[in-house]
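Please read the points below beside the sequence and the structure.

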Amino acid sequence: MRILISNDDGYLAPGINALAEALATVADITVVAPDSNRSGASNSLTLDRPLSVNRAANGFYYVNGTPTDCVHIALTGMLDAPPDLVVSGINNGQNMGDDTLYSGTVAAATEAFLFGIPAIAFSQVHHGWAHLDAAARVAREVVLRGFDVLASPYLLNVNIPNLPYEAMGALTPTRLGRRHQAEPVIRAQDPRGREIFWIGAPGACRDASEGTDFHAASHGLVSITPLQVDLTHKPQLELLTRGLA
């Protein structure tokens, strides 16, 4: 099995190194990741400047661009053959609910999905890399499951609790929860006295009911949410169609 690995925390992040180490035991891996932290980059492509690809001492390739750039370049210009699977992560912190729209981790997987390749995004629920070894072990097990029951390509978003492996809950199918709107921006001044703004913290959960990714994570379960790219609001489309008839 050939696996392409990327992330949004950068090629030096502990998460991608742990993931690569775990998957190298079961697959032929190639790592192509951003040269620095690109969290929140979503599905952005870099179109205003050329991109460069370099190779680190450990064999990882790193790109001066976004997670989507990394996967796009790998699939269209670097690899001799398409991979069987693309995995992204392990992210330093959760990607659940509305956060998936902003996540560079999920975006890297989504880019592979758009190319017709199965893809999985992995994140730890809390920041700080606690029990990363357990998360990497769970990620390897998820990859080895194969998901033959799903139509291919599939796009899965996996959030893993920061727990020892022995305390880890079951793999649990979930839907995306919802957050309240984000906290207000934080006003500050730069050294020249000019006003600057920091994006505020994410809002609290609005829908963390049973069946959501938030609910599963809060109970120590490994949340697995199948995602799709089609943003069409089908009920509204039907109303619009009738209204314009």
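1. The model is predicted: local features need pLDDT of at least 70, side-chain atom pairs count only at pLDDT 80 or more, and totals for chains, interfaces and linings use all residues. Residues are numbered from 1 along each chain as its sequence is written, and side-chain values use heavy atoms, with hydrogens and water left out.

2. Across the whole structure, the search finds 2 aromatic pairs. Rings of Phe, Tyr and Trp (its six-membered ring) pair if their centres lie within 6.5 Å; planes under 30 degrees apart count as stacked, over 60 as edge-to-face and the rest as tilted.

3. Tyr 11 and Tyr 62 are stacked, at 4.3 Å centre to centre and 10° between the planes. This pair links distant parts of the chain, 51 residues apart: Tyr 11 lies in the loop between strand S1 (2–6) and helix H1 (14–23), and Tyr 62 in strand S4 (residues 61–63). Helices (H or I, at least four residues) and strands (E, at least two) are DSSP runs, numbered from the N terminus.

4. Tyr 11 is buried at 14% relative accessibility, while Tyr 62, at 22%, is partly exposed. Buried means under 20% relative accessible area, exposed over 50%, and partly exposed in between (1.4 Å probe, protein chains only).

5. Phe 147 and Tyr 154 form an edge-to-face pair, with 5.8 Å centre to centre and 65° between the planes. Both residues, Phe 147 and Tyr 154, are buried.

6. The structure holds 0 disulfides (a disulfide is a pair of cysteine sulfur atoms within 2.5 Å). Cys 70 is buried, at 0% relative accessibility, whereas Cys 205 is partly exposed, at 35%.
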